[in-house]
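Thanks for asking me to look this one over. Here is my note, with the model itself shown first so that you can follow along.

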Amino acid sequence: METGGNSLPSGPDGVKRKVLYFYDPEVGNYYYGQGHPMKPHRIRMTHALLAHYGLLQHMQVHKPVPARDRDLCRFHADDYVNFLHNVTPETQQDQLRQLKRFNVGEDCPVFDGLFSFCQTYAGGSIGGAVKLNHGFCDIAINWAGGLHHAKKCEASGFCYVNDIVLAILELLKQHQRVLYVDIDIHHGDGVEEAFYTTDRVMTVSFHKFGDYFPGTGDIRDIGYSKGKYYSLNVPLDDGIDDESYHYLFKPIISKVMEVFRPGAVVLQCGADSLSGDRLGCFNLSIKGHAECVKFMRSFNVPLLLLGGGGYTIRNVARCWCYETGVALGVEVDDKMPQHEYYEYFGPDYTLHVSPSNMENKNSRQLLLEIRNKLLDNLSKLEHAPSVQFQERQPDTELTEADEDQDDGDERWNSDSDMDIDEDRKLIIPSRVKREVIEPETKDPVCSMEVQIETIEQTRGFDTATNETGVDVSPMPIDVPTVKVE
């Protein structure tokens, strides 16, 4: 009988978890352009806070392996990925037709290193999923990820590659059911759309609704076909505060966990739902936002924490630093340590900021109606969905790094994963943390299952895909596993 992954070696809530953190030192150098609200520099600011608060020494720190074209093609169309790979600021004027076709230009500009940026943030999320699948950690963190608006064939809302969908597809190799929860102020439309017709992924999005980007996420959007009632949308109005937010979040998520019983959870922690965000209109405190992380952690299910929106960058760094502490079970001091970005946090130089006195337009009656409606939808799912007995897809392997890479950190040998002594699965230095270059993955995510799908579609067979072409079924037992070097 399946347990749904409801037990981890690290024990009940309150006990420290094994946390693995992905960070590439180059990520802060990418620049969307003058005046653009999305600033990857916020990831570097977050990392600096983690370092100076001493949190890095409690985690494994990994530099992600960049996602390859074929990794990205597991969800995205190959012509779109090819376009992202080749377009540059110098050549974009020669590709105006494709810029329009792929929605690249204004909100999603072409900038220097665009494809490398996509490879980096997607590589961290996929890598986190792989580590969770192998049981090397309880919680994986990639603050550079969480770009939830990207679609199969187009960029949207500052997002080019949907690292979340790619990570969920990786988790589905190991887990029959994966839960996605989104606390960004914007609706998680790209992830919902990708899994709208499957019962193996439940998406739950808490967002501002009504004359607000991207315009989707109505409470009546509940999924389709096998995915009916597996999409939950929580539409909110301006000024929602901590108390009102958790009046909905905790009972809804509790019921989701009871009914859906996921084997793994992905939590998108977009920080534009914080009070005072440059583009947002909610009134959450950092502690109120982080309470969502704490609550998801309490279920003791493998957890992937991702970033997302957030445009008042000093508050984004504050939030994700504090939430890293929550993941670790370490309380961090409100007084901020001196560090290279200290001047960003004046005049108080504290980790927490007070919410504003803006009006909360979410009446208790409205909140009650939303809560009752969503709980009623969940009551229609009497049991966790079953998956027909089939051989599971092979895990993405963890391989040795290139021999010419000068890195003395010890690595796992993919051929002997099962032979590793339990006490040596996670090697955590007591004082000094080094960045570990993630070993490249061999399993091509656009490999056998996609080839089979293409062949079967050509022959007129019906394959187990949803409307966006995402294959969420296990590999059939009669399909040979081909290892492509």
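The points below go through helix packing, cavities and backbone geometry.

1. A word on the source before anything else: this is a predicted model.

2. I would start with helix H8, residues 242-260, and its packing against helix H9, residues 286-297. Their axes come within 10 Å and cross at roughly 15°. Angles under 35 degrees count as roughly parallel, so H8 is roughly parallel to H9. The crossing of this pair is right-handed.

3. On the H8 side, the residues that meet H9 are Asp242, Tyr245, His246, Phe249, Lys250, Ile253, Ser254 and Met257. Their partners in H9 are Gly288, Glu291, Cys292, Phe295 and Met296. Sorted by class, the residues of this contact are seven nonpolar, three polar and three charged.

4. H8 also packs against helix H11, residues 364-379, again with axes that come within 10 Å. Here the crossing angle is roughly 5°, and H8 and H11 are therefore roughly parallel to each other. H8 contributes Glu243, Ser244, Tyr247, Leu248, Pro251, Ile252, Lys255, Val256 and Val259 to the contact. From H11 come Arg364, Leu367, Leu368, Ile370, Arg371, Leu374, Leu375 and Leu378. The class count for the contact of H8 with H11 is 12 nonpolar, one polar and four charged residues.

5. Another pair to view is helix H5 (residues 114-133) with helix H6 (residues 163-171), whose axes are 8 Å apart at an angle of about 20°. H5 and H6 are therefore roughly parallel to each other, and H5 passes H6 in a right-handed crossing. In H5 the contact uses Tyr121, Ala122, Ser125, Ile126, Ala129, Val130, Leu132 and Asn133. In H6 it uses Asp163, Leu166, Ala167, Glu170 and Leu171. Nine of the residues in the contact of H5 with H6 are nonpolar, two are polar and two are charged.

6. Now for the empty space. Rolling a probe the size of a water molecule over the atoms shows where such space is left. How many cavities of 30 Å³ or more does a search of the whole structure find? The search finds eight.

7. The second largest cavity has a volume of about 50 Å³. What lines the second largest cavity? Val27, Met38, Pro40, Arg42, Ile43, Phe117, Ala144 and Leu147 do. By class, this lining has seven nonpolar residues, no polar ones and one charged residue.

8. Some backbone details may interest you too. Most residues other than glycine have a negative phi, and most peptide bonds are trans. The loop between strand E5 (201-208) and strand E6 (231-236) holds Pro214, and the peptide bond from Phe213 to Pro214 is cis, with omega near 0°. Asp211 is found in the loop between E5 and E6 as well, and although Asp211 is not a glycine, it has a positive phi of about 50°.

9. Which residues does the cis peptide bond with omega of about 5° join? That bond joins Gly346 and Pro347. Pro347 sits in the loop between helix H10 (313-328) and H11, and H11 is the helix that packs against H8 in point 4.

Technical notes. Residues are numbered from 1 along each chain as its sequence is written. This is a predicted model: local features need pLDDT of at least 70, side-chain atom pairs count only at pLDDT 80 or more; totals for chains, interfaces and linings use all residues. Side-chain values use heavy atoms; hydrogens and water are left out. Axes are lines fitted to C-alpha atoms, for helices over the stretch in contact, and angles run from 0 to 180 degrees between N-to-C directions. Helices (H or I, at least four residues) and strands (E, at least two) are DSSP runs, numbered from the N terminus. Angles under 35 degrees count as roughly parallel, over 145 as roughly antiparallel, 65 to 115 as roughly perpendicular and the rest as oblique. A crossing is left-handed if the near helix is turned anticlockwise from the far one by less than a right angle, and right-handed if clockwise. Contact means heavy atoms within 4.5 Å. Ala, Val, Leu, Ile, Met, Phe, Trp, Tyr, Cys and Pro count as nonpolar, Asp, Glu, Lys and Arg as charged, and the others, Gly among them, as polar. On a 1 Å grid over the protein atoms alone, a cavity is a set of points where a 1.4 Å probe fits but cannot get out, and a pocket is an open set with protein on both sides within 12 Å along at least five of seven lines; lining residues have an atom within 4 Å of a point. Grid points are joined across faces, edges and corners, and a volume is the space filled by probe spheres set on the points.
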